Amino acid sequence: MAAKVGGGGKKRFDLGQNADINVTPFVDVMLVLLIIFMVTAPLATVSIRIDIPPAKAPTTPSKPPTYVSIDQAGQIFVSFATGPNTSDMHPATIDTMASLIAQSLAVPNPTTQQVFIRADQHVKYGVFMAVVNRLQLDGYYKIGLISEEVQN
């Protein structure tokens with residue numbers, strides 16, 4: 001009898017197809033990255049200790065406010081307080097508004113003071129913006145808008 005050469009029987013080391021993923025290297029890499037991020041994260045947040053002073057209300061008495069009022073017809077009025085409970089209201093135009101505001105504020109540099117604008121809800125937007133733009137052209141940049149609370 002002659003022996004078969006070349007193998008006609010079963011293969012000795014045939015493992016077949018393996019579809020499983022070897023996750024051990026993946027887990028090792030993730031653990032190393034986790035440790036790196038845990039070590040470097042506290043170093044990335046830089047904080048500086050700042051001793052901020054507390055806020056205090058101004059102790060100097062402030063001047064009574066100056067108002068620029070625009071009524072429904074688009075007429076402009078400048079009003080300012082003349083006494084504790086009294087105020088003067090002067091009709092103005094776009095051109096005379098700045099001089100009346102300076103007169104009402106009665107300070108050396110009136111453009112550094114705040115001016116409040118109050119307008120009727122039916123005033124045309126163009127009239128309102130003309131007043132705001134003219135105030136800014138005249139150097140008044142501290143402009144406050146007055147509104148009323150909604151009544152329920």
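User: What does contact mean here, and what share of the contacts in the protein with a separation of 6 or more comes from residues 24 or more positions apart?

Analyst: Contact means heavy atoms within 4.5 Å, and residues 24 or more positions apart account for 56% of the contacts with a separation of 6 or more. This is a predicted model, in which local features need pLDDT of at least 70 and side-chain atom pairs count only at pLDDT 80 or more, while totals for chains, interfaces and linings use all residues. Residues are numbered from 1 along each chain as its sequence is written, and side-chain values use heavy atoms, with hydrogens and water left out.

User: What makes Tyr-67 and Phe-116 a tilted pair?

Analyst: Rings of Phe, Tyr and Trp (its six-membered ring) pair if their centres lie within 6.5 Å, and planes under 30 degrees apart count as stacked, over 60 as edge-to-face and the rest as tilted. By this rule the count comes to 1 aromatic pair. The ring centres of Tyr-67 and Phe-116 are 5.8 Å apart and their planes stand at 40°, so the pair is tilted. The pair links distant parts of the chain, since Tyr-67 belongs to strand 1 (residues 66-70) and Phe-116 to strand 4 (residues 115-119), 49 residues apart; strands (E, at least two residues) are DSSP runs, numbered from the N terminus.

User: How do you know that a charge sits over the ring of Tyr-67?

Analyst: The term requires NZ of Lys or CZ of Arg within 6 Å of the ring centre and within 35 degrees of the ring normal. The charged end of Arg-118 sits over the ring of Tyr-67, 4.2 Å from its centre.

User: Why is Ile-70 called buried, and why is Tyr-67 called partly exposed?

Analyst: Buried means under 20% relative accessible area, exposed over 50%, and partly exposed in between (1.4 Å probe, protein chains only). Ile-70 has a relative accessible area of 3%, so Ile-70 is buried, whereas Tyr-67, with 22%, is therefore partly exposed. Of the 152 residues of the protein, 18% count as buried.

User: Which residues is Ile-70 in contact with, leaving aside its neighbours within four places in sequence?

Analyst: Ile-70, which lies in strand 1, is in contact with Gln-75, Ile-117, Arg-118, Ala-119, Asp-120, Val-123, Val-127, Phe-128 and Val-131. The C-alpha atoms of Ile-70 and His-122, 52 residues apart along the chain, are separated by 9.9 Å.

Notes
Helices (H or I, at least four residues) and strands (E, at least two) are DSSP runs, numbered from the N terminus.
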